[in-house]
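Hi,

Here is the structure I promised to pass on.

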Amino acid sequence: MKRGLLLLCLMLFIFPSLVKAETVELESVEALIEGSAGRPVVIMYWATWCDTCLSDLSELEDFHASAGKKVSVYSINATKSERSVKQVKAFVEKSALQVPVYLDKDGTVAHQFRQIAVPFTIIVDKKGKQRVIPGPVSKEQLEEWVK
């Protein structure tokens with residue numbers, strides 16, 4: 001048993017691209033930003049039932065792949081507006097997302113940033129200045145905003 005666990009850990013360390021995003025309950029947006037070690041931060045807020053959001057997730061995945069470790073990239077699911085947490089987890093697993101997915105079960109994030117629609121994106125620059133962009137975004141826009 002211990003050998004199998006050790007082998008799995010080694011494989012995930014050696015082949016990190018095999019690791020897919022998991023859903024994690026959100027503690028706070030501030031914790032995500034503080035954990036970024038001074039790098040710019042991009043956080044997309046989305047829902048599975050929103051077609052625009054799904055397009056934005058694709059753009060976010062492309063941005064995440066090209067930005068590497070220069071930018072901390074996260075996504076937050078509007079879980080309160082979903083049918084169930086189970087549905088969101090199934091969607092994340094099926095989609096093979098690489099960007100971490102945090103669950104906003106009670107709608108705190110939308111309320112905190114005074115947003116009533118999805119998607120929206122939170123950009124935090126190197127100096128810590130926050131900006132909220134309502135509506136869809138492209139990879140190119142994200143690249144420009146985090147320069």
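Below are the notes on what turned up, starting with the ground rules.

This is a predicted model, so local features need pLDDT of at least 70 and side-chain atom pairs count only at pLDDT 80 or more, while totals for chains, interfaces and linings use all residues. Residues are numbered from 1 along each chain as its sequence is written, and side-chain values use heavy atoms, with hydrogens and water left out.

**The core**

In the largest nonpolar core, 40 residues come together, and Val 29, Val 42, Ile 43, Leu 60, Phe 63, Ile 76 and Val 109 touch the most other members. By nonpolar core I mean buried Ala, Val, Leu, Ile, Met, Phe, Trp, Tyr and Cys residues joined through side-chain atoms within 4.5 Å; buried is under 20% relative accessible area, exposed over 50%, and partly exposed in between, with a 1.4 Å probe and protein chains only. Strand β2 (41-46) gives the largest share, six residues. Helices (H or I, at least four residues) and strands (E, at least two) are DSSP runs, numbered from the N terminus.

**Aromatic pairs**

The whole structure holds three aromatic pairs, where ring centres lie within 6.5 Å and planes under 30 degrees apart count as stacked, over 60 as edge-to-face and the rest as tilted; for Trp the six-membered ring is used. One of them is the tilted pair of Trp 46 and Phe 91, at 5.6 Å centre to centre and 45° between the planes. Trp 46 lies in strand β2 and Phe 91 in helix α4, so this pair ties together parts 45 residues apart in sequence. Trp 46 is buried, at 0% relative accessible area. Tyr 74 and Tyr 102 form an edge-to-face pair, 5.9 Å centre to centre with 75° between the planes. Both count as buried, Tyr 74 at 13% relative accessibility and Tyr 102 at 16%.

Val 137 sits in the loop between β6 (130-134) and α6 (139-145), yet is buried at 4% relative accessible area. Beyond its neighbours within four places in sequence, Val 137 is in contact with residues including Met 44, Glu 59 and Trp 145. Ser 72, in strand β3 (residues 72-77), is also buried, at 4%. Its side chain makes a polar contact of 3.1 Å with that of Arg 39.

Enjoy exploring!

Methods
Contact = heavy atoms within 4.5 Å. Polar contact = N/O pair within 3.5 Å; in protein donor to acceptor, adjacent residues only side chain to side chain.
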